[in-house]
Amino acid sequence: MPTSTPDALWSSPAAGRLRPVGVEVNDLARRVGNQPLLDGIELAVPVGTRALLAGVDAEAPSLLLRIMAGLARADRGTVTLAGLQRGSAIPEGWARRIGFVGADPGIPLWMTAAESLDLAARLSGIDGPDRQRRIEESLQHFQLGAIRDRPLQHAGRIILERTALAAALLPDPEVLLLDEPLRAAAPPDRLRLLRIPGERRTVLIASRYPAQQGGIVDRVILIRDGRVTLHAPIGELDAQRLPLSLRGLTALADLVS
Amino acid sequence: MILTIHVARQLWIQLRLLGILALPAIATFVAVIVDGQSGSREAGRIALAVGLATAAVLSAALVGSGFAEEIRSGAAAWLVVRAVPRTALVGAWFVLPALAVLVAFVLAGILAGLALPLALLQAPDAIAVAVILVAAAAPGLPLSAAGLVVAVYAPVRVTMVAVIGLAVIVAVPLVMLGDAAVHAASGYWLVAGMDPANRPITIGLQAIGLCMAVAGLLWGVAALLFLRRDL
């Protein structure tokens with residue numbers, strides 16, 4: 001396991017006051033075609049935050065998360081997640097500390113739910129009885145027990161999304177990146193599953209539908225013209241009597257600026 | 001090791017591994033039938049050479065389409081998010097099928113040796129036979145690597161068609177050029193024109209070397225493209 005993440009610091013009582021940064025992005029840029037979707041993103045998200053990432057250009061938040069997860073390349077800039085930079089992190093350390101769920105679950109469909117969780121655990125370096133315990137707990141929490149040994153190609157989208165989230169949470173990651181998570185789930189289920197516990201866990205949720213994230217996030221981040229134009233506690237929307245919507249976020253960004 | 005087992009299971013469950021292992025054996029059975037019906041040894045040998053070449057092309061198409069499916073389905077992204085190096089993924093998709101192709105061709109060669117009255121059975125030594133079989137399997141390597149290159153950006157069916165089309169484009173001029181093409185296609189050439197008095201070890205090794213060099217180059221291209229691709 002890497003020693004780059006200051007475990008001792010995070011577990012100390014001082015962590016609450018110091019608020020170390022879980023997600024740090026510096027001068028990140030990426031053009032898609034002729035359009036600069038990300039144009040010098042600067043972002044520092046404290047540990048323990050549940051943040052909504054919205055964008056006037058709907059593609060921008062998703063692209064930012066995919067760059068953070070190592071799925072898309074950046075033209076310039078750096079990303080540090082849980083104290084780790086992807087290129088220099090030990091693979092198991094990265095897989096254990098960083099979780100990502102894309103808009104498309106992406107799980108190999110020829111596997112069963114239990115097998116996909118097992119593979120996720122192995123790739124994260126989780127071995128022995130701990131692996132089996134975590135798999136069983138995940139199957140139970142995400143209500144996957146009934147289909148645990150069936151190939152996922154026969155499962156519906158709801159099951160795929162749950163399995164993807166379960167696999168991402170299995171290593172107990174410190175940073176969790178969710179791109180339009182659980183779109184197919186019923187609202188109560190969605191709320192239950194996305195209220196992810198963990199004081200030391202930082203969760204970023206990219207969504208085109210900010211209103212759906214009510215009760216899940218405590219901060220809002222807006223990307224406009226390729227830059228972060230709003231990064232505020234969600235309470236500020238209430239204070240200004242603005243709705244949790246793209247229009248509300250844009251209005252708050254105008255007020256703040 | 002985890003990735004190797006994962007790719008091997010995927011190839012097996014999706015029946016691609018079965019296809020790669022069975023195709024050379026099917027080619028051998030067809031050659032046996034042709035040999036028996038025509039009564040001509042030369043016809044049997046040519047049928048075997050053409051059959052093995054077809055098996056290599058179809059195996060490469062299976063590999064390329066499998067990798068394309070891995071990318072398109074998001075399964076490659078699922079692995080990369082868990083810090084699986086992209087080069088390792090491309091490597092696993094090349095090495096495992098290559099080993100399977102080699103095993104399949106050796107088994108098909110043994111089968112041919114038992115079933116056909118070929119010179120293969122009467123070859124002067126086992127090394128010559130082994131070199132011929134590996135040389136026959138070797139052109140499948142650059143084709144598989146070419147399939148990986150195409151698969152990085154192309155959909156599954158396009159990848160299959162592209163690999164088969166590429167094989168035809170390469171094969172036609174080679175066949176028309178005759179002896180000059182012997183280095184590139186010598187495995188099949190040697191199978192077709194096998195002569196017990198001839199020990200074609202040198203030319204077989206040259207063909208293997210050339211195929212591996214081209215395969216390595218194409219694999220590098222596939223890895224570079226995959227490193228730059230957004231998943």
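**Exercise 1. Find the handedness of the crossing of H8(B) and H11(B), then describe how these helices pack.**

*Solution.* Keep in mind that this is a predicted model.

- Step 1: H8(B) and H11(B) cross in a left-handed way.
- Step 2: Look at the axes of helix H8 (residues 140-151) and helix H11 (residues 201-228) of chain B, which come within 8 Å and cross at roughly 10°.
- Step 3: An angle under 35 degrees counts as roughly parallel, so H8(B) is roughly parallel to H11(B).
- Step 4: Now pick out the side chains. From H8(B), the residues include B:Leu141, B:Pro142 and B:Ala145; among their partners in H11(B) are B:Cys211, B:Met212 and B:Trp219.
- Step 5: Sort the contact of H8(B) with H11(B) by class: it has 15 nonpolar, no polar and no charged residues.

**Exercise 2. Work out how H2(B) and H5(B) are oriented, and which classes of residue join them.**

*Solution.* Two packed helices are described by the angle between their axes and the distance between the axes.

- Step 1: For helix H2 (residues 16-38) and helix H5 (residues 86-115) of chain B, the axes come within 8 Å and the crossing angle is roughly 25°.
- Step 2: H2(B) and H5(B) are therefore roughly parallel to each other.
- Step 3: The crossing in which H2(B) passes H5(B) is right-handed.
- Step 4: On the H2(B) side, the contact residues include B:Leu17, B:Ile20 and B:Thr28. On the H5(B) side, B:Pro97, B:Phe105 and B:Ala115 are among them.
- Step 5: The class count for the contact of H2(B) with H5(B) is 20 nonpolar, 1 polar and no charged.

**Exercise 3. Describe the overall make-up of chain B.**

*Solution.*

- Step 1: Count the elements: chain B has 11 helices and 0 strands.
- Step 2: Consider burial. Chain B has 231 residues, and 52% of them count as buried.
- Step 3: Consider contacts in chain B between residues at least 6 apart in sequence: 81% of these join residues at least 24 apart.

**Exercise 4. Describe the side of chain A that touches chain B.**

*Solution.*

- Step 1: Count the partners: 21 residues from chain A and 18 residues from chain B take part in the contact.
- Step 2: Locate the helices. Helix H4 (91-97) and helix H5 (113-123) of chain A each supply at least two residues of the side that touches chain B.
- Step 3: H5(A) gives the largest share of that side of chain A, 4 residues.
- Step 4: By class, the residues of the side of chain A that touches chain B are 14 nonpolar, 4 polar and 3 charged.

**Exercise 5. Follow H5(A) to its packing with H7(A) and find the angle.**

*Solution.*

- Step 1: H5(A) packs with helix H7 (residues 157-169) of chain A at an angle of about 25°, with the axes 9 Å apart.
- Step 2: This makes H5(A) roughly parallel to H7(A), and the crossing is right-handed.
- Step 3: H5(A) brings A:Ala113, A:Ser116, A:Leu117 and A:Ala120 to the contact, while H7(A) brings A:Thr163, A:Ala166 and A:Ala167.
- Step 4: The contact of H5(A) with H7(A) has 5 nonpolar, 2 polar and no charged residues.

**Exercise 6. Which residues of H10(A) are buried, and which exposed residues lie on the face turned away from them?**

*Solution.*

- Step 1: In helix H10 (residues 246-256) of chain A, the buried residues are A:Leu249, A:Leu252 and A:Ala253.
- Step 2: Look down the axis of H10(A): the buried residues fall within an arc of 100°, so they line one face of the helix.
- Step 3: The face of H10(A) turned away from the buried side carries exposed A:Arg247, A:Asp254 and A:Leu255.
- Step 4: The buried residues of H10(A) pack against E3, strand E8 (219-224), strand E9 (227-233) and helix H9 (235-239) of chain A.

**Exercise 7. Where do A:Ala82 and A:Asp172 lie, and is each one buried or partly exposed?**

*Solution.* Most residues other than glycine have a negative phi.

- Step 1: A:Ala82 has a positive phi of about 50°, although it is not a glycine. For A:Asp172, phi is also positive, near 60°.
- Step 2: A:Ala82 sits in the loop between strand E4 (76-81) and H4 of chain A, and A:Asp172 in the loop between H7 and strand E6 (175-179) of chain A.
- Step 3: A:Ala82 has 27 C-beta neighbours inside 10 Å and so counts as buried. A:Asp172 has 15 other C-beta atoms within 10 Å and is partly exposed.

Methods:
Residues numbered from 1 in each chain as written. Chains lettered and ligands numbered in written order. Predicted model: local features only at pLDDT ≥ 70, side-chain atom pairs only at ≥ 80, totals over all residues. Contact = placed C-beta atoms within 7 Å. Nonpolar A, V, L, I, M, F, W, Y, C, P; charged D, E, K, R; others polar. Axes fitted to C-alpha atoms, helices over the stretch in contact; angles between N-to-C directions. Parallel < 35°, antiparallel > 145°, perpendicular 65-115°, else oblique. Left-handed = near helix turned anticlockwise from the far one by under 90°. Buried ≥ 20, exposed ≤ 12 C-beta atoms within 10 Å, placed from the backbone. Arc of directions from axis to C-beta.
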